[in-house]
Amino acid sequence: MHPPTIWTRLHLRHYVRSGWPWRAALYLLSSAVLGLITLLTLVLLAVAGSVLTVVVVGLPLLLVLVLTGVPLASVERSRLRLIDSEPLADPHREPDRTGLTAWLRTRLQERATWRELGYAVLFGFLLWPLEALVVGSVLLVCGGLLATPVMLAVDGEEARVLKMWIVDSWPGALAAALAGLLLMPVFAYPLGAIAAGRAALTRFLLASPTGELNSKIKELGRSRVRLVDAFEAERRRIERDLHDGAQQRLVALSMTLGLARLDAADGPLGPLLAKAQDEAATALVEIRELIRGIHPQVLTDRGLVAAVEDLADRSTIPVDVDLDLPVRPPEAIETAVYFAVSEALANVAKHSGASRAVVRGGLENGQLAVEVEDDGHGGADTERGTGLQGVADRVSVLDGRLLVSSPPGGPTVFRLLVPCSTP
């Protein structure tokens, strides 16, 4: 079933008795107000930017002029819901980094920004005067006729109706008011049709031109998720095989070598057995680290918070953990965030020169947000090296994002945002 729109409601018998005509009038009336504001904003920014171009302040004004369509389009998408219940998606993408510079660079590189600027120019110079003319004419005719008895009562002798004829009797005044009342449902239909056409134009100009690619993109996303799930299952299998097989054999070997050392403590084989036991102990430590790197058991048993605290305990620099997760996120999200935090802390220890770091996060507006911040010298870049890029690729499979803010001199902030639906 399609969402209700004013165009589909125009064909119904009870359209005049519903709230849709009033919605159409409000939509067109608000267009006139918003269009006048848009026109004044465009003219003022264009004049000020051209006059002050030779001054440094002129360039920011011209930049604001270019971006005028972005907030206007956002308001138009919200205003469209008055007469069209189907939401109009925002075509803009999130910046790859935090900060105003990254946001501006992303917006200026998007086609949607320039399309919205064109819409703002069309809206400010052409559309709203036409809408104001339509809704103003309806209000003037109906309002003028309905107000005839009031004007006659105020004047006492006569009333001029719509500046076209004079009424000097109460029957004539009441007849004019009745005509205005009867014209209201008549005007409701053309008013609704004009509002529907205006909404269709808005949707055509501001909609994201994805078209048939949407289904293919969704299928590609689902296939990526299936590949990641299969990869995680294979990691778990390898972890179990190492934990239950090779690790247990190394433990048994170390115990056997220890018993042999006791039996040959005074013999010539004693030093060799001691060295063999030390090598077995070293191999056992290495295989435990390998198992932890493949998939840590603490993450499976106790969840993300405990796993991150374990990372902090094993870090070479002090790390404070402040994670507020009242419920455990889905397994795939826990795994992705854990390895992202692990990579971030490894970078802090190796490259940042920091003396302290903090891991904080929680659930925010349906997203799991986790930050890793250090007091190092900054300068981290996702494009240098494969570690951070691998983290970004891992969370992108879950529709998540990795934002990095690392100005020279620090601090460096790694921010992970992953959609997370929890009970």
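**The recorded spans and their surroundings**

Guide: In an unreviewed entry, UniProt lists residues 20-45, 51-73, 117-150 and 170-196 under "transmembrane region"; the positions follow the numbering used here, feature names are shortened, and such annotations may be inferred rather than shown by experiment. The model itself is predicted, so local features need a pLDDT of at least 70 and side-chain atom pairs count only at pLDDT 80 or more, while totals for chains, interfaces and linings use all residues. Residues are numbered from 1 along each chain as its sequence is written, and side-chain values use heavy atoms, with hydrogens and water left out.

Two of the recorded spans can be described from end to end. Residues 20-45 are 100% helix and 0% strand, with their end C-alpha atoms 36 Å apart, and residues 170-196 are likewise 100% helix and 0% strand, with their end C-alpha atoms 39 Å apart. Helices here are DSSP runs of H or I with at least four residues, strands are runs of E with at least two, and both are numbered from the N terminus.

On the surface, Trp22, Leu146, Leu178, Leu181, Leu182 and Met184 form a nonpolar patch whose accessible area comes to about 600 Å² together. Such a patch takes in residues with over 30% relative accessible area and no salt bridge, joining nonpolar side chains (Val, Leu, Ile, Met, Phe, Trp, Tyr) within 5 Å and like charges within 9 Å; the areas come from the Shrake-Rupley method with a 1.4 Å probe, and for residues only the protein chains shown count as cover. Helix H8, residues 170-206, gives the most to this patch, with 4 residues. Leu178 is found in that helix, H8, and is partly exposed at a relative accessible area of 47%, where buried means under 20%, exposed means over 50%, and partly exposed lies in between (1.4 Å probe, protein chains only).

Helix H6, residues 111-146, holds Val121, which is partly exposed with a relative accessible area of 39%. Although Val121 and Leu39 are 82 residues apart in sequence, their C-alpha atoms are 7.8 Å apart in space. Once neighbours within four places in sequence are left aside, Val121 is in contact with Leu42 and Leu126, contact meaning heavy atoms within 4.5 Å.

Arg198 forms a salt bridge with Glu131, the closest N and O atoms being 2.3 Å apart; the term requires a side-chain nitrogen of Lys or Arg within 4 Å of a carboxyl oxygen of Asp or Glu. Because Arg198 lies in helix H8 and Glu131 in helix H6, this pair ties together parts that are 67 residues apart in sequence. Arg198 is buried, with a relative accessible area of 5%, and Glu131 also counts as buried, at 5% relative accessibility.

A second salt bridge joins the side chains of Arg79 and Glu76 at 2.6 Å, N to O. These two residues are 3 apart in helix H4, residues 69-79, and are therefore separated by about one helical turn. An α-helix has 3.6 residues a turn, so residues three or four places apart point the same way. Both Arg79 and Glu76 are buried.

Elsewhere in the chain, Arg415 forms a salt bridge with Glu371, with the closest N and O atoms 2.8 Å apart. Arg415 lies in strand E7 (residues 412-419) and Glu371 in strand E5 (residues 367-374), so this pair ties together parts that are 44 residues apart in sequence. Arg415 and Glu371 are both buried, and salt bridges that share partners join Arg360, Glu364, Glu371, Glu373 and Arg415 into one network. By the rule given above, the count comes to 13 salt bridges.

Of the contacts between residues at least 6 apart in sequence, 69% join residues at least 24 apart. The chain exposes about 24,000 Å², of which carbon and sulfur atoms supply 64%.
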